[in-house]
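Please examine the sequence and the model shown below. The discussion that accompanies them is arranged by topic.

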Amino acid sequence: MTKERLITGKTKLLGVIGHPVEHSLSPAMHNAAIANLGLDYVYLPFPIAPKNLEIAIAGFAAIDVVGFSVTIPHKQAIMPLLSEITPLAQAIGAVNTVSRQNNQWVGTNTDIEGFIAPLLTTYKQDWSQKVAVILGNGGAARAVVAGCHQLGFAKIHVVGRNMQRLQEFGNSWSNSPISKNLQIHQWEELPKLIPQANLLVNTTPIGMYPKVNESPLSGEEIANLPKGAIAYDLIYIPKPTQFLEQAEKQGAIAIDGLEMLVQQGVAALKIWLQQETVPVEVMRQALQKHLGLS
Ligand code: NAP
């Protein structure tokens with residue numbers, strides 16, 4: 001029998017802001033953790049249109065919201081509304097987690113922590129002589145680049161299809177030490193890069209449900225991935241993606257996007273609750289259940 005959960009005037013508020021937000025997986029993951037810890041918190045989805053962002057954040061302060069996740073389209077727009085932004089979030093240029101500290105909003109980005117988590121634990125190694133090849137140059141690619149830099153990769157190659165956006169992406173790191181190891185490339189250069197890749201990351205939506213038969217790489221291209229390389233897809237549905245299936249057949253190690261999703265949430269919950277441990281397995285299982293993976 002599940003214990004009845006009583007929401008009272010003392011219940012503390014957490015949530016996620018986005019537009020739309022109804023498909024967010026975060027409420028399932030965070031409320032499962034809260035229930036497991038027996039804490040008097042609730043995590044709610046807040047659909048907030050861009051024009052209402054400022055007033056909504058002021059309202060959150062008025063009702064003592066403890067913290068919230070930020071998703072599309074607010075990850076950049078929220079930044080001028082915060083009192084403090086961590087250097088990590090500043091480097092990426094996006095905030096995905098906000099907490100109330102000393103009556104002020106503090107923004108950070110836990111996507112880097114989420115992305116590097118499996119590379120720091122299960123697949124831990126010395127990355128200082130290794131080469132990362134990143135497909136795509138959107139928002140998630142920024143966290144991946146910063147994560148690869150944090151891990152100490154010798155070279156970080158970013159491959160994109162639109163030269164102007166790619167160049168803007170490259171230029172955006174010019175004041176950062178990351179630029180030293182970063183190179184941008186057009187998609188046509190991929191065949192030359194794949195044989196050098198120790199880590200190949202898909203940050204494009206190619207292969208995401210419902211277009212499950214698509215892959216960012218042809219079978220021929222992926223055949224040149226070195227044996228023992230890691231193929232990492234940020235997509236978590238389907239499991240595995242066509243890209244990961246092809247890479248595994250080639251002898252590569254496959255990592256899907258689910259653990260990144262879990263670990264960015266773990267990092268956020270630790271900040272809001274100001275505690276070092278949260279029930280990671282409960283959060284992972286809640287997501288798997290919600291996604292129909294278990
Ligand atoms: P985004 O900002 O829209 O960036 C997508 C990137 O993919 C852009 O560089 C885009 O290129 C490129 N792209 C799209 N379609 C392409 C195609 N057909 N060929 C080549 N490049 C293509 O999106 P995002 O927020 O970075 O998210 C990207 C993916 O990561 C999504 O699938 C998302 O679900 C996933 N993700 C997962 C996690 C996780 O926790 N696991 C976290 C964040 C994101 P252009 O700039 O030329 O359009």
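The paragraphs that follow treat the ligand site, the aromatic pairs and the backbone geometry in turn.

This is a predicted model, in which local features need pLDDT of at least 70 and side-chain atom pairs count only at pLDDT 80 or more, while totals for chains, interfaces and linings use all residues. Residues are numbered from 1 along each chain as its sequence is written, and side-chain values use heavy atoms, with hydrogens and water left out.

The ligand has 20 residues around it, of which Asn-137, Gly-139, Ala-140, Arg-165 and Gly-257 come nearest; a residue is near a molecule or strand if one of its heavy atoms lies within 4 Å of it. By class, this shell holds 10 nonpolar, eight polar and two charged residues. In that scheme Ala, Val, Leu, Ile, Met, Phe, Trp, Tyr, Cys and Pro count as nonpolar, Asp, Glu, Lys and Arg as charged, and the others, Gly among them, as polar.

The ligand taken alone exposes 920 Å², and the protein buries 74% of that, with areas from the Shrake-Rupley method and a 1.4 Å probe; for residues, only the protein chains shown count as cover. Helix 5 (139-151) and helix 10 (258-273) are the elements that give two or more residues to the shell. Helices (H or I, at least four residues) and strands (E, at least two) are DSSP runs, numbered from the N terminus.

The aromatic pairs come next. Rings of Phe, Tyr and Trp (its six-membered ring) pair if their centres lie within 6.5 Å; planes under 30 degrees apart count as stacked, over 60 as edge-to-face and the rest as tilted. By this rule the count comes to seven aromatic pairs. Phe-46 and Phe-60 have ring centres 4.9 Å apart and planes at 55°, so the pair is tilted. Because Phe-46 belongs to strand 2 (residues 41-47) and Phe-60 to helix 2 (residues 53-62), the pair ties together parts that are 14 residues apart in sequence. Phe-46 counts as buried at 18% relative accessibility, as does Phe-60 at 6%, where buried means under 20% relative accessible area, exposed over 50%, and partly exposed in between (1.4 Å probe, protein chains only).

For Phe-68 and Trp-105, the ring centres are 5.3 Å apart and the planes at 75°, so the pair is edge-to-face. This pair links Phe-68 in strand 3 (residues 67-70) with Trp-105 in strand 6 (residues 104-108), 37 residues apart. Ring pairs link Phe-46, Phe-60, Phe-68 and Trp-105 into a cluster.

Turning to the backbone, the peptide bond from His-19 to Pro-20 is cis, with omega near 10°, and Pro-20 is placed in the loop between strand 1 (12-18) and helix 1 (26-37). The bond from Tyr-209 to Pro-210 is also cis, with omega near 5°.
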